[in-house]
Amino acid sequence: MKSDLSWLRANRLLALLDDAVLAALAPHLQPVMLELRDTQYEELQPMRDAWFPAGCVLSMLAVQAGADSSVEVATIGAEGMLGVALFLGAEVSPGRVFTQVQGGALRMPADAFLRAAQEQPAFARVLQRYAHALMVQIAQGAACNRVHAMEQRCARWLLQTHDRVPGDAFDLTQEFLAQMLGERRAAVNQAAGQLQQAGLIRYSRGHIEVIDRPGLERAACGCYAVIHDQYARLLGDGRAAQE
Ligand SMILES: [Zn+2]
């Protein structure tokens, strides 16, 4: 086990660390399979683990006070990790986090995670830089939701998810997409319909296929590129996620 650390490098933040640091983290990282809609964090509940996606995609939601709805504030795949709030000293989660696309992840108990961040400066530096990239994603996303057209935002969200899944197709119901974008289903339907008519995606029965990626990039607002570039800088290779 100690000689082969390649299973940890499926997460691209962990892949930034050298063998000695990875070997110190390895005994605390447990590989798990996450299923669609599994919950990692509940709103205002203790965060018991940090998570390093290695195939799965997680969605971070802000719950609207007084309303039975929530809006996605960030998407987390193998380019990132869930646990920045823990790293920054919080004990309870501000929002809800659940599995948007099923797949593998590495789970690390909160106490081991915090100890490793103290004892391994290289690990702490990666977490700091990731925290910054995540902050840009959240801030840009908030501005985007306020000012950009539904169709552009829909294209941005689809690109973000496409970056984080293997292949060109993924499951997505209209209800789910509406929740991700914080919009009514009818509006999301219309936007997805326009993208489909333009020949950029194929969308049927809860299933999305990206068929013209460059076209989808042109249909998205500039927010996609701003967020993508932050992750590319963090990961140092011009790719925000596995492609
Ligand atoms: Zn935008």
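Which residues does Gln160 touch, not counting residues up to four places away in sequence? In this predicted model, Gln160 touches Thr75, Gln137, Tyr224 and Ile227 when those sequence neighbours are set aside.

**Gln160**
- Gln160 is part of helix H5, which covers residues 150–164.
- With a relative accessibility of 4%, Gln160 counts as buried, because buried means under 20% relative accessible area.

**Zinc site**
- The zinc ion has as its protein donors Cys144 through SG, His148 through ND1, Cys221 through SG and Cys223 through SG, and these lie 2.1 to 2.4 Å from the ion.
- The angles among the 4 donor atoms run from 98 to 120 degrees, and the site of the zinc ion is tetrahedral.
- For reference, the ideal angle at a metal with four tetrahedral donors is 109.5 degrees.
- Along the chain, the donors of the zinc ion follow the spacing C-x3-H-x72-C-x1-C.
- Distant parts of the chain are linked by the pair Cys144, in helix H4 (residues 121–147), and Cys223, in helix H9 (residues 223–235), which are 79 residues apart.
- Cys144 and Cys223 are both buried.

**Leu200**
- Leu200 sits in the loop between helix H7 (185–197) and strand E9 (201–204), and at 7% relative accessibility Leu200 counts as buried.
- Leaving aside neighbours within four places in sequence, Leu200 is in contact with Leu195, Glu209, Val210, Ile211, Asp212, Gly215, Leu216 and Ala219.

Key: Residues numbered from 1 in each chain as written. Predicted model: local features only at pLDDT ≥ 70, side-chain atom pairs only at ≥ 80, totals over all residues. Heavy atoms only, no water. Helix = DSSP H or I, 4+ residues; strand = E, 2+ residues; numbered from the N terminus. Buried < 20%, exposed > 50% of the residue type's maximum accessible area, 1.4 Å probe, protein only. Contact = heavy atoms within 4.5 Å. Donors = N, O, S within 2.8 Å, 3.2 Å for Na, K, Ca; no water. Tetrahedral: all angles 85-135°; square planar, octahedral: opposite > 155°, others 65-115°.
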